[in-house]
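User: I am new to reading protein structures. Could you walk me through a few features, one at a time?

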Amino acid sequence: MKLKTNRGAAKRFRVTATGKIKRSRAYHRHILTTKGRKRKRQLRKATLTDSANVKTIRRLMPYA
């Protein structure tokens, strides 16, 4: 029996070529006027998911 991919997780996470899980940063949607230029610029960049959450995300995306 095939497993279903969690579509919400599939839209939020990407798996890199080395198998790590990439995610976008939070706090970059609204109320940006109070945040500094440097902070907003750094929030644009993607980052790797914390090791504590990797197991859970891999379970949500079995074929990624």
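User: Where does Tyr27 lie?

Analyst: Tyr27 lies in the loop between β2 and α2 (37–44). Helices (H or I, at least four residues) and strands (E, at least two) are DSSP runs, numbered from the N terminus. This is a predicted model: local features need pLDDT of at least 70, side-chain atom pairs count only at pLDDT 80 or more, and totals for chains, interfaces and linings use all residues. Residues are numbered from 1 along each chain as its sequence is written, and side-chain values use heavy atoms, with hydrogens and water left out.

User: Is Tyr27 buried or exposed?

Analyst: Buried means under 20% relative accessible area, exposed over 50%, and partly exposed in between (1.4 Å probe, protein chains only). Tyr27 has a relative accessible area of 63%, so it is exposed. Ile31, with 54%, is exposed as well. Asn6, in the segment before α1 (7–12), has 34% and is therefore partly exposed.

User: How do I read the sheet, and what is the order of its strands?

Analyst: Strands of a sheet pair through backbone hydrogen bonds, either parallel or antiparallel. Two strands count as paired if DSSP finds at least two bridges between them. Here, three strands form an open sheet in the order β1-β2-β3, with antiparallel pairing. The edge strands, β1 (13–15) and β3 (47–48), each pair on one side only. Strand β2 (residues 21–23) is joined to β3 by two bridges, and Arg23 has Thr47 as its bridge partner in β3.

User: Which residues make up the largest nonpolar core?

Analyst: A nonpolar core is a set of buried Ala, Val, Leu, Ile, Met, Phe, Trp, Tyr and Cys residues joined through side-chain atoms within 4.5 Å. The largest one has six residues: Ala9, Ala10, Phe13, Ile21, Ile57 and Met61.

User: And what is Phe13 in contact with, beyond its neighbours within four places in sequence?

Analyst: Contact means heavy atoms within 4.5 Å. With those neighbours left aside, Phe13 is in contact with Ile21, Lys22, Arg23, Thr49, Ile57 and Met61.
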